[in-house]
Amino acid sequence: MSDNNGIILKMENITKTFPGVVALDDVSMDLYKGEVLGILGENGAGKSTLIKILAGNYIKDSGSIFVDGKKFEISSPSEAMASGIRVIYQELNTLINLTVTENIFVGEQLVKGPFKIVDWKAMNKRAVEILNELNVDIDPNAIIGNLSVSEKQVVEIAKAISKEAKILVMDEPTAALSEEETQSLFKIINTLKSKGVSIIYISHRLKEIFEITDRVVVLRDGKKVGLRKTTETDASELVNLMVGRDIREMYPKRELVIGKVVMEVKNLTAEGFSGISLTLKKGEILGIFGLLGSGRTSLVKALFGANKIKSGEILVNNKKVEIKSPGIARDEKIGLVPLDRKVEGLALSMGVKENITLANIEGLGNGFLIKKQLENKKAQNWVNEMGIKTPSINQEVNSLSGGNQQKVVIAKWLESGSEIIILNEPTRGIDVGSKIEIYKLMQNLCEKGSSIIMISSELPEILSIADRILVMSKGKLTAQYLRTEATEEKLLQSACI
Ligand SMILES: Nc1ncnc2c1ncn2[C@@H]1O[C@H](COP(=O)(O)OP(=O)(O)OP(=O)(O)O)[C@@H](O)[C@H]1O
Ligand SMILES: [Mg+2]
């Protein structure tokens with residue numbers, strides 16, 4: 001058993017329960033030296049829980065873990081780290097008041113000399129090297145709180161690869177990354193692999209699973225339901241294993257019922273973009289595509305009153321409005337599903353119910369009891385309709401899986417009765433089956449008269465769901481296509497102008 005047949009990590013019969021949920025049910029898996037092992041599964045299947053047990057964040061109820069053939073009782077994250085297990089978590093853990101360099105080296109600063117003086121120069125140099133490898137232009141002295149979500153994600157990755165790792169775990173590392181950054185990450189994964197590092201890779205993006213993994217494990221409802229060599233399986237088999245049924249129609253099509261203009265933006269300029277004009281029609285889904293830093297998030301934030309407008313006009317239903325704050329946006333019946341649900345979208349310590357209905361409590365009729373009953377009923381409806389996996393509507397949102405938290409944010413805004421709904425990467429972290437449900441909900445809303453602005457970096461998604469697509473690059477609008485005329489090439493070309 002000297003090299004354990006190349007097995008670096010063995011997880012045997014791992015079980016973990018939370019009140020009301022069996023998150024992992026007798027799961028076993030092996031990880032070989034120098035391989036990339038994918039883990040697939042619907043939202044709430046148990047992927048992150050497995051990782052958190054390996055990383056010492058959660059204590060398993062039963063089962064065994066062996067690293068390098070030796071039994072391994074991990075009881076804290078620092079122990080896991082000391083054993084060469086590094087994790088990039090699904091939920092960003094960056095410390096917002098620190099600089100990029102401080103964050104990368106937090107807890108393990110480089111020191112020099114006999115007095116172990118903190119070596120900032122060396123750390124800055126190393127930080128720049130790693131960021132260059134990742135092919136991103138981020139100032140190592142920038143404060144994390146001022147970075148965009150995707151930049152924060154890159155810093156998380158840099159942090160994980162800054163020290164030698166034996167086992168590197170990535171829980172949806174590309175959820176906030178552009179195609180380019182994803183490719184840079186894959187290059188790094190391949191380099192690490194060739195150095196013998198073993199990688200566990202979790203993603204809802206099947207394309208990535210096929211591109212980067214050697215084998216794939218599929219979890220469903222906490223159980224391992226399949227293990228395949230990546231070259232010996234295909235997307236439909238994996239989806240079938242994940243959801244237990246065939247998914248044929250990925251993108252539901254609909255008849256267009258587009259009405260009058262409900263929002264008109266004239267020559268709008270704010271931090272991050274300038275001179276943008278657009279119209280949004282009743283019943284329309286308007287897509288916005290652009291690469292990182294193109295100004296898409298700044299634009300939708302300005303439409304929602306969260307980014308100060310410098311010049312230009314916004315008209316809602318032909319009336320000029322000054323959207324100076326999100327409160328005013330809400331009064332104008334504009335809702336926003338933000339990119340970073342943790343910061344802007346959810347009250348994490350409150351229940352599922354409160355999160356869905358709190359912003360919308362006025363609509364719930366008179367009388368305390370009636371309000372309570374209606375609130376429960378509404379929340380339960382959304383939980384059913386969107387398939388939010390939770391033991392009850394009173395569960396703290398904090399304890400839901402990443403994808404299920406995202407569903408709660410979407411439900412909150414759909415419930416709000418907004419006439420103009422802005423969705424920033426709505427299906428980020430959402431599993432394939434649930435995506436279809438969300439697309440259907442979006443279409444139903446449009447049929448009932450709402451209008452949607454959707455930012456998406458997923459080309460197939462935006463090409464199928466949006467009726468019209470605007471492309472942004474460097475803070476300007478560079479092109480506009482009807483769905484019927486748009487292609488992946490055209491969108492990418494216009495995004496790179
Ligand atoms: N701290 C916790 N307290 C209670 N329940 C939890 C906790 N952590 C996870 N769960 C539950 O365990 C189950 C598995 O969650 P997990 O986060 O592992 O799913 P996942 O496969 O990572 O999903 P996603 O794709 O949405 O990220 C879910 O039902 C979740 O609500
Ligand atoms: Mg997860």
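1. A word on how to read the model. This is a predicted model, in which local features need pLDDT of at least 70, side-chain atom pairs count only at pLDDT 80 or more, and totals for chains, interfaces and linings use all residues. Residues are numbered from 1 along each chain as its sequence is written, while chains are lettered from A and ligands numbered from 1 in the order in which they are written.

2. Next, look at where the domains meet. There, 20 residues of domain 1 are in contact with 20 residues of domain 2 (contact: C-beta atoms, placed from the backbone, within 7 Å). On the domain 1 side, helix 5 (149–161) and helix 8 (235–243) each supply at least two residues, and helix 8 gives the largest share, 3 residues. Helices (H or I, at least four residues) and strands (E, at least two) are DSSP runs, numbered from the N terminus. By class, this side of domain 1 has 8 nonpolar, 8 polar and 4 charged residues. Here Ala, Val, Leu, Ile, Met, Phe, Trp, Tyr, Cys and Pro count as nonpolar, Asp, Glu, Lys and Arg as charged, and the others, Gly among them, as polar.

3. Now for the ligand. Ligand 1 is surrounded by 20 residues, of which Asn43, Ser48, Ser399, Ser401 and Gly403 are the closest (a residue is near a molecule if its C-beta atom, placed from the backbone, lies within 6 Å of it). Strand 2 (21–32), helix 1 (47–54) and helix 14 (402–415) each give two or more residues to this shell. Its make-up is 5 nonpolar, 12 polar and 3 charged residues. Ligand 1 lies between the domains, because both domain 1 and domain 2 give residues to the shell.

4. Helix 9 (residues 296–303) deserves a look too. It is largely enclosed by the rest of the structure, because 7 of its 8 residues are buried (20 or more other C-beta atoms within 10 Å of the residue's own; exposed means 12 or fewer, partly exposed in between, with C-beta atoms placed from the backbone). Arg296 and Lys301 are among the buried residues. Gly305, which follows helix 9, has a positive phi near 80 degrees.

5. Finally, a backbone detail. Asn318, in the loop between strand 16 (309–316) and strand 17 (319–321), has a positive phi near 70 degrees. Asn318 is exposed, with 10 other C-beta atoms within 10 Å.

Methods. Domain bounds come from an automatic or database domain assignment. Two residues are in contact if their C-beta atoms, placed from the backbone, lie within 7 Å.
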